[in-house]
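Open the model in your viewer and follow the stops below. Each one says what to select and what is there.

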Amino acid sequence: MKMDKKIFNELRRLLAFIAFTLLIMQVNAQVSDTLTGVVKDITTKRIIVGAKVYTTDNSSVAMTNDSGAFSLKLSSFKRSIVVVAPGYNMREVYVRKGLKNISVNIYPDTYSNFYTKSLVLQESTDKTTQINNTNSSVLDNRNSITVENEIQKNPSANIRVIQHSGVQGTGATMFIRGYNSLNTNAQPLILVDGVVYDNLNNWNSLFNGNLLNGLNCIDVNDIESINIIKDGVSIYGSKAGNGIIELRTKRGKDMVTRITASTMVGYNSEPQFMPMMNADQYKIYLSDLLDNNTNNNQVTNQYFLNDDPQFLYYKQYHNTTNWKNLVYRNSMTQSYHVSANGGDEIALYNLSMGFTNAQSTINENDMTRLNARFNSNVSLSDKLSTKFDISYTQVTRKLQNEGIAELKDNNVIDAPGYLSLIKAPFLSPYQYSNDGNQSAKLENYDFIGIANPLAIQQYGVGNEIQSVFNLTVQPEYKFSKSLTLNSQFSYNFTSLSENSFRPMYGVAPYINSYTGIISLNQVKTQFVNQINMLSDTRLNWHKTYQKHNVNILAGIRFIQSGIKAEYASGHNTGSDEVKEMSSGLSFKSVGGIDDSYRDLNYYAQGSYSFQRKYLIDVAMAFESNSRFGSQAKDGVSLFGVRWAAFPSINGAWVLSSEDFLKSLDFINYLKLRVGYGMSGNDGIESTTSRTYLNVIKYYSNAVGLQINNIANPEIQWETVTKRNIGIDADLFDSKLSIGLDLYNNTTDNLIVLKSLKQVSGLINYYSNDGKLENKGVEFNFNSKLITLPTFQVEAGASIAFNSNKILSLPDGDYTTSVFDGEVLTAINQPIGQFYGYQTRGVFATAEAASAANLSYRTSTGLLIPFTAGDVIFSDNYPDGVIDEKDKTVIGNSQPDFYGNISLSTRYKQLKLDVLFNYVYGNEIYNYLRSQLESGSSYYNQTSAMLNRWRSEGQTTEMPKSTFSDPKGNNRFSDRWIEDGSYIRLKNIQLSYELPVNSTYIQGFTVWAAVSNLITFTKYLGVDPEFSGSNNILYQGIDSGILPQSRSFNVGLKINL
Amino acid sequence: MQLFIKKYIKLIVMVLAISIVNTSCEDFFDFKSNQYMGADENTINSANDTVFSVIGILTKMQKLSDKYVLIGELRGDLLATTAFADEELKKLNSFSTDNNSYFSDVTDYYAVINNCNYFISRADTSISVKGNKPFIKELGAVKSFRAWTYLQLVLNFGKVAYYETPILNVSDSEKKYPVLNIAQLVDTLIKDLEPCAKYDMPNYGTIFTADSKYLFLNTQCLLGDLYLWKAAVSEDNYLSQKTIYEKAAQYYADAIVQKKFVNSNIDIKWTNSAFTSSVDSWSSLFGQTVGSNELISILSLASNSYSGNTTQLPYYYKNAHLAASQKLIDLFDEQVYVYPLSSTVNSFTYGDLRKKGSVFSGSTGDFADIPLPVKYRYNTIVLNRVGQLYLRYAEAVNRAGKPGVAFAVLKYGLNSTTIADSKAVPTNEITPMPAYVSVFNNAAFNLSTGIHTRGCGNSALNTRFVIPLSCTTLNDSVTFVENTICDEYALETAFEGNRFQDLMRISEHRNDPTYLAKKIASTHQDESYYLTFLSDKLNWYLPSKQ
């Protein structure tokens, strides 16, 4: 393994320090003393009966009696006690030597919890890494219908969540500590109950602007906890380089049967767009374009210019239609959920079912989810127990294309949302009859070939059905108190089918002379089946020898994943009544994927703590994966394949347990953490390490076989090295908690596309080369400001800075074209910088233009000067010619910092939660605006275009409109780059717990919430938060997909 | 509940077993996708594998079509760019292509070569069915594709990295392969290809719209070309050069005889002595893909990208990126046309009618008066055809010291009558009669006429189309005939992609780079610059990143 020598030395120093500390600690003879104490509710100051108090090693356990008192045997080195009580947050308290009596205040679980639990590594607070947790008490009664929304609402800035769009269930792009990969998946690993969950990141939807989202198959009501794990993830090997989101579903708690029913209804308001020109303004704009278009047969002699009311087509061309209102809507959301929780001595279970229907704010777009889950814990004997979980979810969505397609040449504009912006406002959606009355029949496409968006919504089809079936069996055998064998077997079947139909009526025929395709209507369909199997068996040995606490874990994890997919499309069904694929269609195109991989991972982790003050975790994973090349560079050869090794070492020092901090009574808990670990990214195309032939089309139906790829047997995982130092502090009787983390993560062996030598006859290949780093600071604090019996206030804030930089690239700097723009990938620069032209306004006069003496080069090599009304581009390479050489960095899609601000108050049974999200310092490439303010096409434009340059001497920032923009005034420049910073009131929620006193009803809560109520931003687009792709190069590019909107929800929950 | 639990104890045991048993490793991780064929899985030993692999190579060949034509013509003296042309085309025309250019990229050539290498190394030609070796034809066809592609590479770039073992992984692609010059390559290719000369081409019937017999190269023609080049670049003495030229002539003659390639009735001619109406059976050959007596090898491309690989040439034609050079127009115009009025009286006019089938100047609007290369209207690229084959034959025969025979090919056509006629074919040149001439003593060639007849009327009767008396020595005659052949190449095969290579070869025959330099320089404004520039043979080649 290539290990940074400096880091290695650092680690050695840390180990030496720990060993030294261990030595100097005098090993005193064991003196046991008895601790007595009471447990109280901090808000009411009342004693708590039946709270469980135990030493962290479980050697001594007590329950509080009727007067809230307990008595516990402590030894000199087992001085941490844990207090748990139903309805309260767990609290850990260190009992200093000599202290005989203690009063422990615990917080109701409506407060956030500093002392969290996670099963991923170990079930203990003895953690050397930071884990942020959101638990069910927070998750209940929420207005989110999918999990990523709740992840975004976690007040700690430990993950950057960017909602894909306003389409219901479309998911979010998530980054933990920056962009850890350049070309492969940069999304975190998702574990659901310990099982790797495929979030369908690598598969594309048929619908433009829509991203597939595996998480929409999980009901938020089923979630028990969400953990974000940023480091210490080595045992997940090459899957955890981007961090982990660990979800756990609700399980049977105890033998009392509880039935919970909850429901929610919501209202989502129609999004507000940039103002467009009205019918009159648009008419003038069109006439303007005609003036300078020599090839305007399309528009001349058209009827919109004839203002005679007697004219036959007058009515058809003299409307004031607000297309947006016809296409978008105010929409409804409804959700119902029932669960039963209970059991007997043998089995505990949680059974839940849910139904959700959420409409998007655009017509014919919604999501319906039906889900059922049965989780059980069965104890077969004292030693043998098992979990048995089964779940099934089906999500049906109605979809349509969103935004502007990136490859316009091959697409008809058929996104109703975008059409509603560009469509001529003087046209009518419905036909006029001969007697001049508007009929109910929709209009066809218009005189400039723009489709009728209503016809697409009415006659088109856009369906998606996604279903997930999961079966998990997890037996556990306890050989002794300290030795446990746990095995998990999971079978997961995911299927996805989509079909779309673009109608012929209402959409102009599409003719492409290059491809030869003449399309009247089009059918597309795809089926994806994925089967994931996981088996994870681990042996856990735990022992406490006096002051020494040892935990050793060893396991084998095996994953087999196979995806099979088929895709087909065809044109010209002959009638809009026929909307499915058939053999008779013309220009059929089919494709398929058959891709499987296997992954075998042997892992081990040893944790040692001394007196629970000094903690050290050492972990190692050995992994082989069918995606790795047979001669993987950094791999170790064994049994004929290459193995990757992922070591990690994490240490922590619980300073608050030290006697020298005795005087600082306000410190309840203080931990310093240091970590170094490796993990990886196995996002390697499975074909990379193979030489293979593929089938190609020779002419029409004749096919041939050709060498399509030559193997790179050296291909391997990307190596992510994480270095972290952090502090967790719990102060002032848990009233203030602080977390601070500094990290420096590097990714080596980036999977990059390299050019092949031309003698190979192929163009490029994937290889491991290049390096990038992410360093940053994360800080969060939480303060329980007021803890009165009837009035409680808690406030928190977080901020995260991440600085991303490419350290090396194999073939030097390059740019990638995205949506008519360019993104720079350059050494010593962050990823995702926009690279284009700088502008300095518009030439007001011909004189100014000729004085500047700037020109551009045509494709035939001619130089043409810029004139009055053209944009003044900066001639950064001063040669008088505006070309490639003048491009420069004009923006960065990554923010300088981001975070959340939260406030939670409770007055008696009334609770108010407020959460703000903010992002600062990122730029957005407003691609939608670049089309709506281009002045180069017949599309309707924003009203900002009223200010376009129209006459000599006019000073304006908006250039003249010219058909097809021969001078490139609308080229990718800082005109389209905007400040993407924002602060948003993400969620505000008021809930009321009815004081019920009934034998049948245990609890009754009603609540109301508003999402996205206010957003403060300079961004000119509708919504500064969007992500059209999980690809890091596509971040911050607004292609006009459905923006998020305000939603108002009310709900109620009944516990029986 | 108990029953339920009992039921899945079995399952738990199974799960444990699966988890613990580790059936490592190599096979365990070796996944085969049904989407692709692994290179190791393909042994090419069934008819289907063979056909599909060959079609795969045909598809790669298609990708060379535009490079073949444009590199061959735009640098020559017959085709020029217009103001509408893309910058890349202009650069190619002005010899300023840089090594990042589309034309400098040799990937597509090596794609053909590597797929051929793969086929040749894997094809099991030992399989015999009823005493026949069914795949031997494919082997010959694939070897000729490879040889042709290597030849194109070396002629366009001056040198070539040569390998025969397929590159099947990245490290192979980074090896240093021997770099051959023209002479070395030609020798290598001849050695490789000669054993295949006797195999016939495969025939897959009609593939979409093209008769598959045209989709393969004629190995004998190719060997003729290789020998012609071998002789041209050979530094040997005249006698041994002559033997090589004869070898070339023999291969061309073999090709002609074996396939009965007869030059007759493919022409454009006036139908009256007033020269007001004409018939054309010549220009139609460029769009043909079936049933032609003229075609030998073509690259047949799809008319749109949905159906397959396409060529840009029709686009360039439609948008007037390219135009015939003034020199070519003049050459057409100065030809003498003979219309026989009776057996003794002829009517003369000026102008080779093949101009009509080659150049179109009838555009209006922006493109008015631009002489557009009509041959680019089609999705078919002609690689070899009968007219060109006869001219190559003539070129070889002339250099073999028989200018009279060579000239007869242009003027009369070779058949039993003309061979017997000492006015047509000088007796001294065919005594003793070499095999490559005697083969024309065959009834199949009875109607064969001279190539010049294709556009200039009955050239047999053309008193101005003769070897002039001023040619007193054999050398004079050879030079004169070669000049005539060079012009005939222009008249007959302009725009088809051969020009620059033809000029190179003739310069090499003469060991005089200025021959090419003069021809090309005269079409450029900056004539003296190009004269100097192209007199250096190193400048004949495109830069590349081989």
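**Stop 1: a sheet in chain A**

Select strand S51 of chain A, residues 923–926; S51 pairs with S56(A) in the parallel sense, over 2 bridges. This is a predicted model. Now pick A:Asn926: opposite stands A:Asp1038, in S56(A). Widen the view to the open sheet of 3 strands, ordered S52-S51-S56, with mixed pairing. Its edge strands are S52 (977–979) and S56 (1037–1038), each pairing on one side only.

**Stop 2**

How many salt bridges does the structure hold over all chains? There are 70.

Select A:Asp682 and A:Lys239. Their side chains meet in a salt bridge, 2.7 Å from N to O. The two are 443 residues apart: A:Asp682 is in the loop between S32 and S33, A:Lys239 in the loop between S13 and S14. A:Asp682 is buried at 7% relative accessible area, and A:Lys239 is buried at 14%.

Next, select A:Lys887 and A:Glu822. The closest N and O atoms of this salt bridge are 2.1 Å apart. A:Lys887 is in the loop between S47 and S48, while A:Glu822 is in strand S42, 65 residues apart. Buried or exposed? A:Lys887 counts as buried at 10% relative accessibility; A:Glu822 counts as buried at 14%.

**Stop 3: over to chain B**

Select B:Asp487 and B:Lys519, whose side chains form a salt bridge at 3.7 Å, N to O. B:Asp487 is in helix H20 and B:Lys519 in helix H22, 32 residues apart. B:Asp487 is partly exposed at 25% relative accessibility, whereas B:Lys519 is buried at 16%.

Finish with a network joined by salt bridges that share partners; among its members are B:Glu294, B:Arg354, B:Arg454 and B:Glu488.

Key
Residues are numbered from 1 along each chain as its sequence is written. Chains are lettered from A and ligands numbered from 1 in the order in which they are written. This is a predicted model: local features need pLDDT of at least 70, side-chain atom pairs count only at pLDDT 80 or more; totals for chains, interfaces and linings use all residues. Side-chain values use heavy atoms; hydrogens and water are left out. Two strands pair if DSSP finds at least two bridges between them. Helices (H or I, at least four residues) and strands (E, at least two) are DSSP runs, numbered from the N terminus. A salt bridge is a side-chain nitrogen of Lys or Arg within 4 Å of a carboxyl oxygen of Asp or Glu. Buried means under 20% relative accessible area, exposed over 50%, partly exposed in between (1.4 Å probe, protein chains only).
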